[in-house]
Amino acid sequence: MVKKPDIDELTVEEVPSGTGVVVIATVNRPEKLNALNHEVKEAIKALATWADDADHVRVIIFQGAKPGPAPEGKRPKPNAFVAGADVSDFKGKDSATIRPEFEDNVWEAVWNISKPTIALIDGYALGGGSELAVSCDIRIATPRSMFGTPEINLGLIPGGGGTQRLTWLVGYGRAMEMVMGGGMIDAEEAYRIGLVNHVINPDSLMEKGMEIAENLASKSPLTIQVAKRAVRAALDHPISDGVLLEHNMFVDLFDTKDKDIGVNAFLERHTPEWTGE
Ligand code: COA
């Protein structure tokens, strides 16, 4: 089994919740606006594998570390979720060197986590940072957050699934404007176009994230993964196939213990105690 990553640039905290834990993963490079360098990308990939395998992990939250106090005479660094892939890692590379990094990439690893994932965004979510956010299931942002896909300004395009996952969330026209224009939108606009689920003041961001995470953690760990797969099927299949897939997943759940536990708990008016079976 892959071990929980243990590097300074990615803090991984386990917060007890019901019979399991909510994992809070914090990208910790605030002096570089939490840009994803090679080490952090590898650590997040390891985290994704570990969290998926570890039975006690129910929900995974991603966030960026807050900036520390500014050194004397310097302006403070702005807040960031993740300001992108570390651009210095792109220098001097050609397609042959970059391809292996992108074939097995961090955004796909997060997208493929079978458990619920939440991005808590306080500040810049740009490029690979906005792609990390859209690889999660739910996004919550503070009013001072800014979103964008500025790769076009580097002579690039998004490479972590951004053009696809962003388009699903905000629609074709808005994704075109963001990806081709390379500008930024604020949290209010991101909320208006469906890029974020909630906008919350910085002081309450973690509280809101934990409230949502704890609700998700209170569901059957088995059923919630089926729910995630079923909703995802809408992205991968035409509706007639997707409805059939949902139908089969629904029917299969009738052979699980947790379906009996959930139905009985409702009828007998008590709280279900899930087995995950
Ligand atoms: N990769 C590497 N370093 C980054 C970075 C990134 N994606 N984003 C920010 N940084 C670094 C800056 O180089 C700077 O480092 P330094 O203090 O050692 O010079 C530090 O983070 C602070 O950023 P700075 O640009 O000084 O802050 P700002 O307030 O002037 O501007 C941004 C903030 C977000 C507008 C600006 O940093 C930016 O445009 N970042 C790049 C975003 C980007 O293109 N992302 C897509 C990459 S795929």
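The model is predicted, so local features need pLDDT of at least 70 and side-chain atom pairs count only at pLDDT 80 or more, while totals for chains, interfaces and linings use all residues. Residues are numbered from 1 along each chain as its sequence is written, and side-chain values use heavy atoms, with hydrogens and water left out.

**Exercise 1.** Determine where N34 lies and whether N34 is buried or exposed.

Solution. Most residues other than glycine have a negative phi. Phi of N34, however, is positive, near 60 degrees. This residue belongs to the loop between strand 2 (20-27) and helix 1 (38-53); helices (H or I, at least four residues) and strands (E, at least two) are DSSP runs numbered from the N terminus. N34 has a relative accessible area of 0% and is therefore buried (under 20% relative accessible area; exposed is over 50%, partly exposed in between, with a 1.4 Å probe and protein chains only).

**Exercise 2.** Describe how helix 4 (residues 128-135) and helix 5 (residues 162-170) pack.

Solution. First, the angle is about 55 degrees and the axes are 9 Å apart; axes are lines fitted to C-alpha atoms over the stretch in contact, and angles run from 0 to 180 degrees between N-to-C directions. Next, the two helices are therefore oblique to each other, since angles under 35 degrees count as roughly parallel, over 145 as roughly antiparallel, 65 to 115 as roughly perpendicular and the rest as oblique. Finally, E131, V134 and S135 in helix 4 contact G162, R165, L166 and L169 in helix 5 (heavy atoms within 4.5 Å).
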